[in-house]
Amino acid sequence: MKVGGYRPANSWLRRQLDTRWQRWLMLCFGGAVVMSVLMTAFIAPRQSTLRMRYEIAQLTRAVDQLERQQRHLLLDRESLTSPTVLAADLDRLGLVPLEPGRVAFLTQAGDLMAPAATPTSQPVKTRPVRRGH
Amino acid sequence: MVNSVRLRWITRALFAWGCVGVFRLVQVQVIDHRAWESESARQRERVLEVEEPRGDILSRDRRLLAGSLERVTVYANPRKIPHDAWTTVAARLAPLVGETTSEILAQFREHDGFFYLAKDLDPQLADAVTRLRQRGVGTLRTERRVYPHGSLAGPVVGYVNADGDGQAGLEAFYDRTLRGVSSLYRVMRDGKTSPTFLDLRLETEGRPGQSLVLSLDCRLQEVVEQELARTIAETGAKGASAVVMDPKDGELLALGSLPSYDPGHLGQFAPEDRRNRAAEDALEPGSTFKPFIVASAMSFGLLGASEMVDCSGGGVQIANAFIHDHARFGLLPVREVLAKSSNTGAIRIALRLAPNQLDQTIREFGFGQPTNVELPAETRGIYRGPQSWSALSRAGLAIGEEISTTPLQLAQAYAAIANGGWMVHPRLVLETHDRSGRSVAPYKPQVGTRVLPAEVAERLATMLEAVVEEGTGKAAAVPGYRVGGKTGTAQRAHAGGYGAGRHVAWFAGFLSMPSPSLVIVVCVDEPTSNYWAADVAAPAFGRIAARVVTLLGLPPSNGIPA
């Protein structure tokens with residue numbers, strides 16, 4: 001049966017909104033905040049430690065390198081100032097080693113004692129046996 | 001309607017599966033916990049053995065006689081490098097190892113497996129090679145032993161082989177001390193199994209090699225070697241050796257042996273030049289042995305210091321042999337028996353001694369036994385006891401025959417005369433210290449044993465002073481210093497007899513009296529131009545002594561209050 005002139009009106013009905021998604025959003029946001037805090041609290045120091053370890057490794061390498069250079073220089077200095085090298089230079093320059101007769105000594109009483117002068121020897125020029133340097 | 005029977009079976013099956021799972025978990029997590037943990041560690045970690053550096057050898061004036069340098073060896077294995085990548089790899093390696101691409105390629109073709117591409121490179125190259133991340137190419141850390149002073153004290157310092165093991169001299173004797181103990185490190189590996197060094201954990205702590213501080217003085221060593229070289233050049237000798245020792249505590253200030261060698265360039269030297277003549281050559285001491293005959297007779301009360309000894313006859317008849325003297329003497333006081341080096345006098349003194357008395361003295365002075373100096377190849381010399389003696393033996397010993405001694409043994413025996421009768425053993429190492437310079441085995445003064453009464457030692461030293469003042473040792477004199485000593489010219493024993501024209505010239509002595517602080521022994525082996533010790537060994541002693549006292553700043557004897 002058709003009722004004329006009647007149009008059902010449901011304007012009194014208000015569409016009910018589903019607001020549960022907001023709760024989920026809040027939960028996700030909260031979760032993200034917690035995760036960020038956790039990451040900041042635990043992971044960041046670890047990252048920083050890792051970075052420091054890289055830096056330490058680099059510095060250790062640099063220190064090792066410097067120590068090696070120092071060692072090289074030490075050994076070079078030793079070979080350049082070796083008594084053998086200096087003695088050869090002495091010969092080349094025509095100098096003779098100091099002899100006891102040319103050295104004066106102080107006695108315990110404080111007097112300077114000069115032994116009788118002795119003739120100086122000629123520089124040694126021949127070294128046929130020793131090789132190397 | 002669910003079939004309850006089927007449900008029950010499913011439940012049981014699930015429960016059983018759960019039980020198996022739980023059991024497996026317990027097995028993995030609890031029972032086999034350690035095994036899995038180590039397996040996990042094995043996969044993500046690696047244990048690296050790091051060899052600790054070898055210790056240094058320093059002289060007493062802190063000169064570095066031997067030290068180590070870190071070096072790198074680059075290796076390659078062409079079988080692990082894809083063939084089509086050879087050219088690229090060779091081109092990338094070329095600037096690093098200092099070879100051309102074609103040279104490296106030739107080596108790739110020549111070798112079927114692992115080979116050393118380049119050795120003795122700068123350690124910085126190791127990083128560059130590692131950065132190539134090329135399979136089949138890598139680096140090994142090595143160490144190169146360096147001897148900055150070349151041949152100076154070469155036979156004393158010794159050398160190491162390619163693996164860094166000590167082979168001679170102090171390098172061999174103190175190999176374990178110098179070598180140290182390797183450290184073990186646990187490192188984390190990256191995805192390509194290469195160590196990252198980010199998590200470096202010490203697994204087993206090693207110990208760097210300890211360093212030795214020697215009693216040798218580089219300056220004195222140089223003086224000794226220089227004068228020995230001069231002696232060899234002047235006399236045409238085959239070799240020469242010399243010992244400079246402090247008689248109070250046995251410290252060896254110099255130990256020269258020529259011909260010598262540079263431990264850093266071994267290949268350039270003949271094997272026979274590698275021995276330390278001062279410790280390894282046992283030779284008859286000749287007349288340098290006479291003071292010990294006199295010492296023995298005086299110690300046993302069989303000879304007075306001012307007694308006259310019959311040196312007439314130009315020699316002595318013993319059994320069927322006549323032992324000649326080098327000159328005809330008459331009656332001589334004991335001091336002149338030594339000053340003139342009379343064979344007859346020395347033999348007649350020796351014949352007063354019973355064999356066991358002479359044997360006791362010879363042994364007490366350390367002949368026939370090693371001095372225990374820190375050299376691995378030291379010889380004990382040759383001395384046979386009275387049980388092997390013939391009728392001629394006491395006479396032979398009186399003139400330094402039937403016994404062989406090293407220059408080191410003779411220096412030890414003369415030190416006992418010089419220091420008032422105390423036997424001290426020669427030593428080369430003063431102390432041992434670690435990498436930081438902290439002393440590990442500090443210096444310990446040596447306690448000697450008395451082998452000669454003090455008054456006998458003093459009188460004997462005075463007699464030996466007469467040898468230098470008026471006897472055969474005049475060339476050993478040092479102006480301003482009181483020197484005591486004895487010459488010795490011996491024939492060189494060879495193939496069971498004495499080789500014609502082969503001699504050994506000795507001079508053993510000390511200065512400066514009355515309280516000598518240096519004992520010096522010079523031994524010249526087979527001089528050719530002139531073999532008399534008075535002309536060969538005594539001048540060398542004099543030159544060495546004169547330069548050594550100047551370098552050490554020892555005041556002259558005359559005019560200085562004792």
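Residues are numbered from 1 along each chain as its sequence is written, and chains are lettered from A and ligands numbered from 1 in the order in which they are written. In this predicted model, local features need pLDDT of at least 70 and side-chain atom pairs count only at pLDDT 80 or more, while totals for chains, interfaces and linings use all residues.

Let us start with chain A. Its elements are 2 helices and 2 strands, in the order α-α-β-β from the N terminus on. Helices (H or I, at least four residues) and strands (E, at least two) are DSSP runs, numbered from the N terminus. Of the 133 residues of chain A, 6% are buried. Here a residue is buried if 20 or more other C-beta atoms lie within 10 Å of its own, exposed if 12 or fewer, and partly exposed in between, with C-beta atoms placed from the backbone.

Helix 1 (residues 4-31) of chain B has 28 residues, and the count of buried residues among them is 0. From first to last C-alpha, helix 1 of chain B reaches 38 Å, close to the 40 Å expected at 1.5 Å a residue; the expected span is 1.5 Å times one less than the number of residues. In helix 16 (residues 407-418) of chain B, the end C-alpha atoms are 16 Å apart, which agrees with the 16 Å that its 12 residues should span. Because 12 of the 12 residues are buried, helix 16 of chain B is largely enclosed by the rest of the structure. After helix 16 of chain B comes Gly420(B), with a positive phi near 95 degrees.

Helix 9 (residues 218-235) of chain B takes part in a contact with chain A and in another with helix 18 (residues 533-552) of chain B. Axes are lines fitted to C-alpha atoms, for helices over the stretch in contact, and angles run from 0 to 180 degrees between N-to-C directions.

| Helix pair | Axis angle | Axis distance |
|---|---|---|
| Helix 2 (residues 83-92) of chain A and helix 9 of chain B | about 55 degrees | 9 Å |
| Helix 9 of chain B and helix 18 of chain B | roughly 155 degrees | within 10 Å |

Helix 2 of chain A and helix 9 of chain B are therefore oblique to each other, whereas helix 9 and helix 18 of chain B are roughly antiparallel. Angles under 35 degrees count as roughly parallel, over 145 as roughly antiparallel, 65 to 115 as roughly perpendicular and the rest as oblique.

Which residues of helix 2 of chain A meet helix 9 of chain B? They are Pro83(A), Thr84(A) and Ala87(A), facing Cys218(B), Arg219(B), Glu222(B) and Gln226(B); contact means C-beta atoms, placed from the backbone, within 7 Å.

A few backbone spots deserve a look too. Most residues other than glycine have a negative phi, and most peptide bonds are trans. Asp120(B), not a glycine, has a positive phi of about 55 degrees; its place is in strand 4 (residues 115-121) of chain B. Ala153(B) also has a positive phi, of about 60 degrees. Asp120(B) counts as exposed, with 10 C-beta neighbours inside 10 Å, but Ala153(B) counts as buried, with 32.

Finally, a cis peptide bond joins Leu258(B) and Pro259(B), with omega about 0 degrees, and the bond from Met513(B) to Pro514(B) is cis as well, with omega near 10 degrees.

Notes. Two residues are in contact if their C-beta atoms, placed from the backbone, lie within 7 Å.
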